[in-house]
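Colleague: Could you take me through the salt bridges in this one, slowly, as if I were new to it? I'd like to see where the partners sit and how open they are.

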Amino acid sequence: MKILVAVKRVVDFNVAIRVKPDGSGVDIGNAKMSLNPFDEIGVEEAVRLKEAGKATEVVVVSVGPAQVQETLRTALAMGADRAILVKHEDYVEPLGVAKVLKEVVTAEKPDIVILGKQAIDDDCNQTGQMLAALLGWPQGTFASKIDLEDSSLTVVREADGGLQTVRLSMPTIVTTDLRLNEPRYASLPNIMKAKKKPCAEMTPADYGVDVKPRLNLIKTEEPLRRQAGVKVSSVSELVVKLKETGAIR
Amino acid sequence: MTVLLIAEHDNESLKEATHKALSAAAKLGGDIHVLVAGYRATAAAGHAAKLTGVTRVLHIDVAELERPLAEPMAANIVALAADYDHIVAPATNNGKNYMPRVAAMLDVMQVSEVSDVKAADTFVRLIYAGYAVQTVQATDAKKVITVGIASFPPARETGNAVVERKEAVADPGLSSYVGETISRSDLPELTSAKVVISGGRGMQSGDNFKMLEAVARKLNAAVGASRAAVDAGFVPNDYQVGQTGKVVAPDLYIAVGISGAIQHLAGMKDSKIIAAINNDQDAPIFQVADFGLVADLFEALPELEKAL
């Protein structure tokens, strides 16, 4: 049983990004970069399956610039066995990433591919579903629990208003939601060990994939900011104010 | 030009998310057809026929579609796609699940959770948890779009469209439904409630959410939570309001014990009125609140319940 985990390098969730004054995009400058939180959950789940003796190998893959290697090292330090960096300097849309991943899957033949449900930079929530479509595989999205059986995977999904359980044939795609697990911190010895783990380098062209964007970016703007209102001194004053606005009767 | 809008429904009636996505679809221009794919869903199809501005309802009725699993849903939508320039669905949990699958099957880059429609090919959407707003032009011949439902008003029901039965395509047989645990509540649903009261880490325990529920009952409000409260295990994930949870825009949003991280603000900043109760006077939530009360929530909440 081999597991492939796709990860993305994103601006750390604690960093407040700035919109470039000329509207051409977002200035991430020297912002702290991290492994996308949902992908971190994906790596953790794969490593746990390996530790439980259910998986034999965990491979991590990422599409992005050279610095993505650091992100992959983080995943290796958490316990993944080896990494594949598909190097591309410019932004690759989810459809392009899914096409690259399809070729990686064809070469690697994993039984399960785990992805985060959403990257916290472009907030698209697409790549896992798109990869499933391109491969003709089932998809267990927004997973809060997975249960591996011989020939199928049971996935408890976060749904509107509750949880939904589905059974998927194998091989399959899983995308992670918050409650799937709590990722570990990599220990110092494991960080040192990760430096020696293999990391292959490829390009989209090596896989014959065209990753040219399909969306033209017209402009990027600051959001409209809400103005702070007034402070009230008591619950009764709050109720009076809310009644004045008509928000409550 | 024709738009296919995928309805969100429970086989009996449409969910309001459909009405809101229709308002976005109407801004594209052109005829609008609605797909009601379900099982024993004649009532839902009839409901869709009443939507203002819809000229045709396509009704697919088959047992495998009783619940909208992504694999058969996407297969059925793709089978209809040739006749349409735009395929649109609300960015509900279901829409987020099957629409990117549809997009990839059609070799289209989806535009996710649009907050405005500028032209038939040009859309506005939030990135970085709402820190930035992007306008993008889709160059694919077909457009596949999910609609951020908090950004659009619900369409009305003054129509009388034709309902046409369509045959389902074969289920790809990759997935099956096992069961569900629905959080049953007598309170309104989070994304459609006029009033939402949410708790954060300051609530300290899941048990304390009962205090919020008591206030919610007085206001006929839905109860939500910040990611911190979900992470701490106080409440289930489907309570989560924010970047990676639900986006809401009620008439009144009351944030209790929520500091106001940008990821949370992304999910509620379009609310008409925001009230905040927090014991930290410097909490960022007060920078977006119309009315802020610096107080201990454990004293303020019972008082608020009594005052309503």
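This is a predicted model: local features need pLDDT of at least 70, side-chain atom pairs count only at pLDDT 80 or more; totals for chains, interfaces and linings use all residues.

Modeller: Arg48(A) is partly exposed, at 35% relative accessible area. Why are these two about one helical turn from each other? Because they are four residues apart in helix α1 of chain A, which covers residues 37-51.

Now look at Glu51(A), which pairs with Arg184(A), with 2.7 Å between the closest N and O atoms. This pair links distant parts of the chain: Glu51(A) is in helix α1 of chain A, Arg184(A) is in the loop between β12 and α5, and 133 residues separate them. Glu51(A) counts as exposed, since 54% relative accessibility is over the 50% cut-off. Arg184(A), at 26%, counts as partly exposed.

Next, follow Arg226(A) over to chain B, where it forms a salt bridge with Asp290(B), the closest N and O atoms being 2.9 Å apart. Both residues sit in a loop between β14 and β15, Arg226(A) in chain A and Asp290(B) in chain B, so the pair joins two chains. Arg226(A) is partly exposed, with 22% relative accessibility.

Salt bridges can also link up into a network, as they do for Lys2(A), Glu57(A), Arg82(A) and Glu108(A). Over all chains, the count comes to 33 salt bridges.

Note on methods:
Residues are numbered from 1 along each chain as its sequence is written. Chains are lettered from A and ligands numbered from 1 in the order in which they are written. Side-chain values use heavy atoms; hydrogens and water are left out. A salt bridge is a side-chain nitrogen of Lys or Arg within 4 Å of a carboxyl oxygen of Asp or Glu. Buried means under 20% relative accessible area, exposed over 50%, partly exposed in between (1.4 Å probe, protein chains only).
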